[in-house]
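Please read these notes with the model open beside you, and check each point against it as you go.

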Amino acid sequence: AGVSTQSTGSSGINAEYGEILEREQASEQEEEQACYEQIRSNYKQWEQQNDSRINFISKTSDYETLQMAKQKQSALAEKSRREPPSSAGMVEHNTLLRMLTTTVHSGRHINIPLSETPPPPGRDITSPHKVLPAISPRASR
């Protein structure tokens with residue numbers, strides 16, 4: 001009876017050991033895949049940089065290639081611009097109003113009495129513009 005319990009116990013250990021090995025192998029394979037993806041990504045970036053470098057060298061050493069690149073760039077810039085909206089059926093309003101001298105912001109009006117004190121030294125008396133005293137926002141409430 002003792003032999004059968006030992007064989008059952010060892011087969012359970014072997015099964016658990018096999019599962020552990022499978023998980024480790026799967027984990028290693030995932031790490032390896034991630035490493036290969038990183039290598040592919042780095043190589044693709046290197047290829048793009050190399051192509052860009054070759055393109056730059058060809059543009060700077062050959063005038064015709066430079067002209068073609070400029071034409072492509074201007075064509076792409078022109079294509080990316082928004083088209084102005086059509087003016088069909090729209091009414092244009094004149095934005096310049098004659099005789100407009102002031103702008104009034106509704107909601108806040110402050111009356112400032114003019115003082116009869118003489119102007120400070122150096123101030124031009126003939127100026128039509130009055131210097132207004134500073135008003136704190138709390139005082140105007």
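1. Is W46 buried, partly exposed or exposed? W46 counts as partly exposed because its relative accessibility is 45%, where buried means under 20% relative accessible area, exposed over 50%, and partly exposed in between, with a 1.4 Å probe and protein chains only.

2. Please keep in mind that this is a predicted model, in which local features need pLDDT of at least 70 and side-chain atom pairs count only at pLDDT 80 or more, while totals for chains, interfaces and linings use all residues. Residues are numbered from 1 along each chain as its sequence is written, and side-chain values use heavy atoms, with hydrogens and water left out.

3. A search of the whole structure finds 1 aromatic pair (rings of Phe, Tyr and Trp, the last by its six-membered ring, with centres within 6.5 Å; planes under 30 degrees apart count as stacked, over 60 as edge-to-face and the rest as tilted). The ring centres of Y43 and W46 are 5.8 Å apart and their planes stand at 25°, so the pair is stacked. Both residues lie in helix 1, residues 2-61 (a helix being a DSSP run of H or I with at least four residues, numbered from the N terminus), and they are 3 residues apart, about one turn of the helix.

4. The structure holds 2 salt bridges (a side-chain nitrogen of Lys or Arg within 4 Å of a carboxyl oxygen of Asp or Glu). One joins R40 and E37 at 2.5 Å, N to O, and both of these residues lie in helix 1. In the bridge between E78 and R81, the closest N and O atoms are 2.6 Å apart.

Definitions and conventions. Helices (H or I, at least four residues) and strands (E, at least two) are DSSP runs, numbered from the N terminus.
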